[in-house]
Amino acid sequence: MKSSILHATCLRLLRDPRLLQALEDLSHDPSGVSREQAEILADGGLCNLTPPRAALTRLGRGVSYHLAEYRRQIEGGAAETYISRLDVRHDSRVLDVGCGAGQSLVALLRERPRLGVGLEFDATALAVFTAISEFEGLRGAHPVRGNAEMLPFADGSFDRILCRVVLMHVRVLPTLAEIARVSAAGALVYLHLTDFWFYWRKFLRRQWEKGGVPFALLNGLLLQFLGLQVRIGATRSMNYQSLVAVRRWLIRHGFEIVGIEEDREHRRLQPKILARRC
Ligand SMILES: C[S@@+](CC[C@H](N)C(=O)[O-])C[C@H]1O[C@@H](n2cnc3c(N)ncnc32)[C@H](O)[C@@H]1O
C-alpha cells in the first residue's frame with residue numbers, strides 16, 4: 001500500500017465520523033456498513049470485499065486500532081494527566097518514544113512546543129500520525145521512524161520525554177539508557193509502566209494470551225533480578241517492568257523522582273513515574 005493512499009484514506013476517515021464508525025463496525029458488527037463505505041475502505045486497502053461479507057485487512061485492523069486510541073486519548077480526556085505532569089511550554093523540545101500514531105503526542109503538540117518528535121518503528125502507525133497531525137493542523141509534528149533502543153538523536157536533545165506503554169515491548173535497560181542520553185539537564189521524563197501485577201492478574205484469570213502472559217512474567221523476573229531479557233525473533237520482547245526496579249535505575253542514572261501516579265487502582269498495575277534529569 002502506497003503511503004500517499006494510506007495518508008489520504010486516514011484523512012478522509014478523520015473528516016468523516018460515519019466512515020470512521022464504519023471502520024470500527026467492520027471488526028465486530030458489519031451489518032450497518034453500507035456498500036459505498038465498504039468500497040471506500042477497500043480502495044484504501046483497509047478491507048476486503050470478499051463474500052459473504054466485507055472484512056478488515058491486517059492494515060485495516062492496524063488503522064482502526066490507532067484511530068480508536070487517538071479518539072480515546074483526545075475525546076476521552078485520557079491525555080490530561082501527562083499534559084499537566086509534563087508541563088509543555090512554547091520553548092519545549094518534546095519526544096514521544098514509541099509514539100504509535102501519536103495519540104498521546106498530539107495532545108502535547110496542541111501546547112505548541114518548539115519541537116515535537118514522535119519516534120516509532122511501525123510505518124503504518126507513522127502514516128496515521130502524519131494524517132492526524134495534518135487533520136489537527138499541527139505543523140511542529142515530526143514523525144521519525146526508528147528504534148527506541150537506538151534513538152537517532154544527539155545527546156541532550158529533548159527536555160520533555162514521554163514513553164507510554166512501550167517498555168513492555170522493548171529491551172528495557174538499553175531503552176532507558178537511550179532516554180537518559182537524549183534528555184537535557186532538567187528534562188522531565190514521564191514513563192508509563194506495565195508492572196508485574198498487571199500480568200499476574202491476567203495470569204490468575206487465565207488470560208494467558210497464547211503463552212504471552214507467562215512469558216512476560218518470566219522475562220520480567222529475569223530482567224528484575226538478573227538484568228537479562230529474552231527476545232523472540234529480531235524485535236519481539238515482552239516483559240513486565242517493576243516500579244521499584246525502574247525507580248532505582250532512574251535514581252542511579254542521575255534522575256530525581258518528581259512523582260509516582262497516585263491513581264490507586266492503576267498504581268500497582270500500570271504505574272507512571274515522572275522524573276527530572278539532574
Ligand atoms: C501500546 S503502543 C503505545 C503507543 C503510544 N505510546 C501511546 O501512548 O498510546 C506501543 C507502541 O510501541 C511501538 N514500539 C514497540 N517496539 C518499539 C521499538 N523498538 N522502537 C520504537 N517503537 C516501538 C509499537 O509499534 C507501538 O506503536
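Residue numbers start from 1 along each chain as its sequence is written. Because the model is predicted, local features need pLDDT of at least 70 and side-chain atom pairs count only at pLDDT 80 or more, while totals for chains, interfaces and linings use all residues.

**View 1. Helix α7 spans residues 123–136.** Helices here are DSSP runs of H or I with at least four residues, strands are runs of E with at least two, and both are numbered from the N terminus. With 14 residues, α7 reaches 20 Å from its first C-alpha to its last, close to the 20 Å expected at 1.5 Å a residue (the expected span is 1.5 Å times one less than the number of residues).

View 2. A residue is buried if 20 or more other C-beta atoms lie within 10 Å of its own, exposed if 12 or fewer, and partly exposed in between, with C-beta atoms placed from the backbone. Among the buried residues are L126, F129 and S133. The cover includes α1, α4 (58–75), α6 (105–109), β4 (115–120) and β5 (141–145).

**View 3. Helix α1 meets α7.** The axes of α1 (residues 3–15) and α7 come within 9 Å and cross at roughly 45°. That makes α1 oblique to α7 (under 35 degrees is roughly parallel, over 145 roughly antiparallel, 65 to 115 roughly perpendicular, and the rest oblique). Axes are lines fitted to C-alpha atoms, for helices over the stretch in contact, and angles run from 0 to 180 degrees between N-to-C directions. Residues in the contact include L6, C10 and L14 of α1 and A131 and F135 of α7; two residues are in contact if their C-beta atoms, placed from the backbone, lie within 7 Å.

**View 4. A55 sits in strand β2 (residues 55–56).** Is A55 buried, exposed or partly exposed? A55 is partly exposed, with 15 other C-beta atoms within 10 Å. Leaving out residues up to four places away in sequence, A55 touches L26, C47 and N48. A55 and P30 are 25 residues apart in sequence, yet 8.1 Å apart in space, C-alpha to C-alpha.
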